[in-house]
Amino acid sequence: MKKYILSFIIIFFAYAKGYSFDLKTHLWIAQQVLNDVVKNKAISINNKTYKLNDKVLSALITNPSHFRMGTLGIDVFPDPIVGQITAHPGLKGGWKTDDWIQHVLNSASTPPEIAFAYGYACHASMDIFAHTYVNAYSGDIFQLSDEIAVERRHFALEKYIGNHIPALTSENGQVITDYASLVSSPAGFLSKTFILNNAVQREYRESGSYHLVAMNGVYRIVNELDRANQNAISTLSTSYLNLLKEEGRLLLELDKKVGLTAQAGLQLKLTKEALDLKTEANKVLLEKIRLEKELFDKGLEAQKNLENIILQKHKIISDGNALVFNLENEAINKKADITKLATDISLLPLTVSQEITKEISKLVPGLPYPCPTWDKPLKMCNSSTLVKQLIKETIKVTNPAIDQLKKQKNKLIDEIANIEKTVAKTKTDVISVTNDIAQKTEELNNLKNNLALSEANQLKYKLEKEALDKETELSQAAYNKAQEIYENAKKEESDVRGRLENFVDQFINVAKDLIERYNLVHLILENWRKDIEKASVEYIYAGEKFSKDILSKNGNGFSHYVDWYKCWSPVFVSVPSQIPQTTCTIENYYQKLNTEIDKILEKLGPLQYLLNPTKIIKEKVEKEAKQAIEYASIKISNHIFGKETTDFFLMISGREEVTTAKLIEIFKEDGSGKNLLTFQDITVIIHKEMGITDSQTMIDPEKFSSLFNAIQLSKLSVLNGRSLNKLHSDYLGGKKTAYGKTLYPDLDNSNFTILNKAVNSIDGSCQWMHTSTPLYRHSGVDQKWPTDRNYGYAHCSDNSYGFRLWVDEHSREKIFNIIFKGPLTPELHTFASYNNDNKRFTPCIDNPFPSTMNSNCKVLEKSPDCDESSLQKFFRKLFD
């Protein structure tokens with residue numbers, strides 16, 4: 001039954017509630033909001049400006065195309081069908097329209113996302129007044145479970161409004177004709193918000209949107225597989241850490257063994273060096289002993305030679321002294337002879353001279369003559385003295401005897417001189433020899449000392465050698481022991497190294513290989529997940545392209561979903577061999593996963609504790625993943641190529657243009673069986689409400705209340721709580737509200753909207769109150785009212801709910817009725833008044849928006865405000 005209803009809805013979707021304002025009208029309203037924001041950097045309401053949250057303001061100014069796309073959002077995303085059967089009507093027991101709006105707002109974080117999210121909220125704001133208007137004329141909300149007359153009216157009137165919307169102008173007054181160029185979607189954000197999001201899956205299941213359930217199901221199982229794989233990696237990593245600890249312990253043990261080996265090697269080297277030093281020292285000592293012995297022997301020989309030399313020197317001294325003694329005696333004798341001869345010589349001339357002098361003196365008188373000297377310059381000498389001297393000299397020369405004596409004397413003198421020379425020389429020689437003896441004696445003493453020292457050195461070296469021999473013996477023993485220790489250390493090191501290598505081969509390398517394979521599985525899953533995310537993004541882009549085709553009247557957009565199916569559906573169904581590869585290439589992740597997991601199971605080896613986690617992954621792949629893939633292959637294919645979908649797109653591409661005549665024709669008759677109003681010429685009525693005249697062929701937004709109010713509420717929907725409270729304060733001061741001190745939470749948030757907890761379903765009417773006014777009937781009453789006309793929220797059971805500008809009576813009177821223009825359908829009310837039942841909730845100047853409930857949330861049978869006097873109104877409010 002559910003499938004039948006969904007099929008029926010899809011077949012007539014082109015005429016449906018989705019386009020209560022068509023896409024073009026939504027863009028037109030969105031541009032009015034943007035123009036206000038760009039111009040004022042705020043929102044203007046009745047000539048007063050209100051600040052936006054800084055993030056929201058920046059997002060709208062810098063991302064206008066995303067904002068505009070958001071205002072089409074519910075009609076386009078996640079695809080043109082699903083939005084119409086979920087967010088538009090809200091689901092019984094599930095999310096309502098405001099839940100979807102808040103979901104999108106809460107999901108947005110970047111400027112493009114925030115811009116889209118507030119555009120999404122604006123779409124609902126536009127539809128609140130659009131649906132209220134269209135439902136009133138159509139006679140019911142769009143619902144194809146029993147008839148299509150209402151739906152034909154919906155489509156015709158909505159399209160007619162779109163045909164008469166004023167030209168679209170930018171903030172600088174430039175006319176824009178290329179509507180398709182005005183929109184772009186934050187596709188990644190939308191795919192994560194509408195498709196790859198677990199929170200929305202219940203809504204899709206309940207609405208029959210199984211293709212999205214299937215797409216998310218594959219994504220979910222891929223994520224679960226990756227989590228299971230990550231758990232296995234985590235388990236393996238923990239084990240690997242323990243293995244690394246054991247490896248570290250073995251490495252530490254090996255390091256110790258290597259250290260001990262190195263230490264033993266060093267000790268061996270040191271003992272070898274010590275032994276070599278001792279051996280070398282022994283050689284040096286032996287050489288010293290040899291040299292010392294050689295030196296000692298030479299010293300003994302030199303001692304003998306010196307002693308012989310000294311003996312010879314003593315004999316020379318003895319002989320020299322004897323010679324000196326003999327020569328000195330001979331010299332003495334010769335000197336005595338010389339003395340005697342000298343006496344004789346001296347005596348002989350004196351006697352002769354005396355005789356001669358005596359005789360001459362007798363003959364030669366003494367005459368004085370000057371003979372000066374330095375000290376006696378006036379000295380005078382006697383000539384007789386001179387004569388005597390001359391005689392003496394003459395006698396000396398001429399006396400032969402004297403000459404003979406002199407010769408003898410001179411000979412003796414010469415002999416004595418020779419003797420003295422010989423004595424002097426001999427004495428000199430004796431002295432020299434004596435000195436030589438002293439020197440040689442000193443040399444001999446030194447030599448003896450050296451010999452004694454050498455002898456002592458020989459003894460010392462002998463003792464040293466004995467000690468060195470013992471030390472060498474000990475060094476050899478130490479070396480032998482060090483060599484033994486070194487060999488043992490090398491063996492122990494080799495044993496530990498072998499254990500380490502075996503451990504690394506058996507455990508570490510296996511674990512590394514498994515980690516690499518698990519990481520490969522993760523990579524496969526990661527690539528699969530990324531492809532799913534890309535496919536989901538492309539699904540959103542297909543919706544964007546669809547909306548651009550509709551805006552540009554360039555096709556029906558179906559081809560974009562066919563292209564998506566060809567290129568991207570294999571990501572979900574894992575059957576690339578059945579899909580043409582001309583546009584894209586998709587890997588068979590399912591097959592690759594199975595292959596890699598089988599390889600892991602083969603490689604587990606000693607790490608069998610990983611068997612169970614790996615089997616869990618294997619079972620998930622073979623069961624859950626396979627089921628998800630099979631489910632997706634059916635549901636996605638059915639959605640894209642099912643008759644309902646193809647009919648929907650064909651009808652969009654072929655839907656007829658709504659002319660005035662066509663509109664009149666549709667509203668002339670009632671084929672619904674619901675007792676709808678019929679109109680001879682509906683344009684006479686709606687033109688008055690829209691401000692269309694013979695000279696004014698386009699809608700006047702200032703006169704067409706529904707369009708004006710749609711703009712106003714769209715502006716309010718982008719404001720934060722603080723600015724809405726300022727709006728309340730501007731009109732009512734600090735007056736306490738039904739919701740406390742302030743009407744809204746006094747916060748400056750970037751995810752707040754006035755519609756939160758205020759709008760149940762935008763398919764209905766009068767969503768500002770819990771129960772809408774009854775729809776007009778040709779006769780009788782609206783049979784669905786009030787039970788099935790609840791499109792807003794009551795506040796009595798939960799004071800956080802309700803459209804606050806309406807629920808708070810002071811705000812309703814002083815703000816709601818001022819900033820929103822009413823009545824919405826004054827001409828329709830006048831026309832329908834021939835049926836008294838249609839006058840139960842009559843709008844008027846004082847009460848342009850009649851209420852269906854009192855302050856206690858009790859449904860009223862009628863709204864008497866317009867018929868009561870002021871006093872009656874006062875008492876009714878007092879006792880209400």
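**Cysteines and the disulfide**

At 17% relative accessibility, Cys-857 counts as buried, where buried means under 20% relative accessible area, exposed over 50% and partly exposed in between (1.4 Å probe, protein chains only). Cys-796, at 41%, counts as partly exposed. The two residues form a disulfide with sulfur atoms 1.8 Å apart; the cut-off for such a pair is cysteine sulfur atoms within 2.5 Å. By this rule the count is 1 disulfide. The torsion about its S-S bond is about 95 degrees, so the disulfide of Cys-796 and Cys-857 is right-handed.

Cys-122 is also buried, at 0%, as is Cys-766 at 6%.

**Basis of the model**

This is a predicted model, in which local features need pLDDT of at least 70 and side-chain atom pairs count only at pLDDT 80 or more, while totals for chains, interfaces and linings use all residues. Residues are numbered from 1 along each chain as its sequence is written, and side-chain values use heavy atoms, leaving out hydrogens and water.

**Nonpolar cores**

A nonpolar core is a set of buried Ala, Val, Leu, Ile, Met, Phe, Trp, Tyr and Cys residues joined through side-chain atoms within 4.5 Å. The largest has 140 residues, and Leu-716 and Trp-768 touch the most other members. Helix α7 (residues 111–138) gives the most to this core, with 16 residues; helices here are DSSP runs (H or I, at least four residues), numbered from the N terminus. A second, separate core has 16 residues, among them Ala-232 and Leu-500.

**Helix α8**

In α8, 13 of the 15 residues are buried, so this helix is largely enclosed by the rest of the structure.

Key. Helices (H or I, at least four residues) and strands (E, at least two) are DSSP runs, numbered from the N terminus.
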